[in-house]
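Okay, thanks for having me, everyone.

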Amino acid sequence: MKLEILQVTDCPNVAVLEQRLRRAIAGTGIEIDIVHRVIDDVDQAAEAGMTGSPTLLVEGRDPFAVPGQLASVSCRLYRTSGGIEGAPSVAALRQALASTTPVSEDADEPAPACCAARPGNRPSSP
């Protein structure tokens, strides 16, 4: 299965996402091929489908996409059963890897002030 992680340079949540992906596939027999793509500006983000870093694409599709979410090179936050986090939960990743239907457990939340969009970028929510 092809996975692509869209990210900004030095995104601290990429390591969290990778760790959770490994936990999500443990014992399933699912084989994944992870490709990283560093996104530098909002135009690249729009072209790639990144609505914050990290964005996971499963076979080219963002299973955590929120309708109307704008392209962004800011932090992407996910709502999990444990609160707001920088990566989807292991359970949500399992669901995303097992199906092609949108995942409802983890919905993007507007970024708090600590993770505001970088200067020159469009806001991540209307």
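This is a predicted model: local features need pLDDT of at least 70, side-chain atom pairs count only at pLDDT 80 or more; totals for chains, interfaces and linings use all residues.

Three strands make an open sheet in the order S2-S1-S4, with mixed pairing. S2, residues 33-38, and S4 are the edge strands, each pairing on one side only. From one strand to the next, the twist averages 20°.

Now the two pairings. S1, residues 2-7, runs antiparallel to S4, and 4 bridges join them. As one example, Ile-5 has Leu-56 in S4 as its bridge partner. If the words are new to you: strands of a sheet pair through backbone hydrogen bonds, either parallel or antiparallel.

Look at S4 for a second, residues 55-58. Thr-55 and Leu-57 point one way, Leu-56 and Val-58 point the other way, and all of them are buried.

Back to Ile-5, which sits in strand S1. Buried or exposed, this Ile-5? It counts as buried, at 0% relative accessibility. Setting aside residues up to four places away in sequence, Ile-5 touches a list that includes Val-14, Leu-17, Leu-21, Ile-34, Pro-54 and Leu-56. Take Pro-54: it is 49 residues from Ile-5 in sequence, yet their C-alpha atoms are 6.4 Å apart in space.

Next, the helices. H1, residues 13-25, lies across S1, S2 and S4, and runs at about 160° to S1. Asn-13 belongs to this helix. Asn-13 has a relative accessible area of 18%, and the cut-off for buried is under 20%, so Asn-13 counts as buried. Apart from neighbours within four places in sequence, Asn-13 is in contact with Pro-54, Gly-86 and Ala-87.

Then there's H3, residues 90-98, whose buried residues are Val-90, Ala-92, Leu-93, Ala-96 and Leu-97. They span an arc of only 160° around the axis, which puts them on the same side of H3. And what covers them? Among the elements doing that are S1, H1 and S4.

Which residues touch the most other members of the largest nonpolar core? Leu-21 and Leu-56, out of 28 residues in that core. The elements giving two or more residues to this core are S1, H1, helix H2 (42-48), S4 and H3. Leu-21, not counting residues up to four places away in sequence, touches Leu-3, Ile-5, Ile-34, Leu-56, Leu-93 and Leu-97. As background, nonpolar side chains in soluble globular proteins tend to be buried together.

Last stop: aromatics. There is 1 aromatic pair in the structure. The ring centres of Phe-64 and Tyr-78 are 5.8 Å apart and the planes sit at 85°, so this is an edge-to-face pair. Phe-64 is in the loop between S4 and strand S5 (72-75), and Tyr-78 is in strand S6, residues 77-80, so the pair ties together parts that are 14 residues apart in sequence. Both Phe-64 and Tyr-78 are buried.

That's my tour, so over to you for questions.

Definitions and conventions. Residues are numbered from 1 along each chain as its sequence is written. Side-chain values use heavy atoms; hydrogens and water are left out. Buried means under 20% relative accessible area, exposed over 50%, partly exposed in between (1.4 Å probe, protein chains only). Two strands pair if DSSP finds at least two bridges between them. Axes are lines fitted to C-alpha atoms, for helices over the stretch in contact, and angles run from 0 to 180 degrees between N-to-C directions. Contact means heavy atoms within 4.5 Å. Rings of Phe, Tyr and Trp (its six-membered ring) pair if their centres lie within 6.5 Å; planes under 30 degrees apart count as stacked, over 60 as edge-to-face and the rest as tilted. The arc is that of the directions from the helix axis to the C-beta atoms. A nonpolar core is a set of buried Ala, Val, Leu, Ile, Met, Phe, Trp, Tyr and Cys residues joined through side-chain atoms within 4.5 Å.
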